[in-house]
Amino acid sequence: MHTILLVDDSELELKALSSILQKEHYTIVTLTEGSRVLQVLREKKIDLVLLDIVMQQKSGLEILVDIKSRNDVETLPEIMVTGRTDAVNVKAALESGAVDYIRKPFEELEILARVRSALRIKDYQEKLQYLSTHDGLTGLLNHVSTLAAYEALYHEAQKNSVPFAVCMLDIDHFKDINDKYGHLIGDKLLQQLGILIHNHFSVNGFAGRYGGDEFIIVLRNFSKEMAVSSAEAFRKHISGKQWDSIYPGLGVTVSIGISVYSSTRYFEGHQQLIEDADDALYVAKDKGRNLVEFSKEI
């Protein structure tokens, strides 16, 4: 359900707009003070803002500029509410980033049509954004987005001396599973494993599909011991899980390699942690698979 923020210093106008929009079961938040808009946007998930252009303390145009100047809410759509003689202000609002406008006195059908249109466009843009950053099969971050998030965390850790762990996870004998059961079964396995990885690890960091059947997991504020413990718990869960919903009698195990960032250790670059975790993964495979292996410390 969408949540709409209405900003107007007239209680009467807010009541009229709210009454119309609530008929469509939108959740409505109202403000009479424009100075509190950014605070509300930080505290609540708002999908659309309706801003009165003319207000006494702070104009809708000024509020619009404030919203567009913040990276965390700059893509939020705004519809300006205006009197019939405010053509100059409407032009200024549209040029400043508002997506549409509604004229007073209100006409219910026009309001609902413009609101639906703005929300439909917003939902479509969010879907496109999601598809551009997430892997279509597993729902985890895609390769590019994972590396971008990882690099940002690496530089943050350098600045604040905060440890974090990198795990490289691979399905054991995945090629054999594809060859024996078919690629459709292999895709179902990747999809299910993506859900399990998200549920187990993402509360402490983020995870992405690195490529093929290999996944990367980044755990914030994790020491070596914490990372190994979490990875080992996940490995045991996978090896003991019944996969009959994908294929009767299917057995699945994973191998995991881990490296940990430490401010006391010298790194040649941010890629070194990933390479160390990948090396540890291959050590685990060389030792027989279905193992968690920690990278050698340099």
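Ground rules, quickly. This is a predicted model, where local features need pLDDT of at least 70, side-chain atom pairs count only at pLDDT 80 or more, and totals for chains, interfaces and linings use all residues. Residues are numbered from 1 along each chain as its sequence is written, and side-chain values use heavy atoms, with hydrogens and water left out.

The sheet. Five strands form an open sheet in the order S2-S1-S3-S4-S5, with parallel pairing. Two strands pair if DSSP finds at least two bridges between them. Strands are DSSP runs of E with at least two residues, helices are runs of H or I with at least four, and both are numbered from the N terminus. Which strands sit at the edges? S2 (27–31) and S5 (100–103), and each pairs on one side only. The twist averages 20° from one strand to the next, with axes as lines fitted to C-alpha atoms and angles running from 0 to 180 degrees between N-to-C directions. Strand S1 (residues 3–7) is joined to S2 by five bridges.

Next, the core. The largest nonpolar core has 33 residues. Such a core is a set of buried Ala, Val, Leu, Ile, Met, Phe, Trp, Tyr and Cys residues joined through side-chain atoms within 4.5 Å. Buried means under 20% relative accessible area, exposed over 50%, and partly exposed in between, with a 1.4 Å probe and protein chains only. Among the residues with the most contacts inside the core are Leu169, Phe234 and Ile258. Helix H8 (183–201) gives the most, with seven residues.

His198 is also in H8. His198 and Leu140 are 58 residues apart in sequence, yet 7.2 Å apart in space, C-alpha to C-alpha.

Now the hairpin. S7 and S8 form it, with two residues between them. Gly212, in the turn, has a positive phi of about 60°. Six bridges join the two strands, which run antiparallel. Gly211 has Glu214 in S8 as its bridge partner. Why is S7 (residues 205–211) largely enclosed by the rest of the structure? Because five of its seven residues are buried.

Last, Tyr130. This residue lies in helix H5 (residues 108–133) and is partly exposed, at 41%. Tyr124, Leu128, Tyr130 and Leu131 make a nonpolar surface patch of about 430 Å². Patch residues have over 30% relative accessible area and no salt bridge, with like charges joined within 9 Å and nonpolar side chains (Val, Leu, Ile, Met, Phe, Trp, Tyr) within 5 Å. A salt bridge is a side-chain nitrogen of Lys or Arg within 4 Å of a carboxyl oxygen of Asp or Glu. Areas come from the Shrake-Rupley method with a 1.4 Å probe, and for residues only the protein chains shown count as cover.
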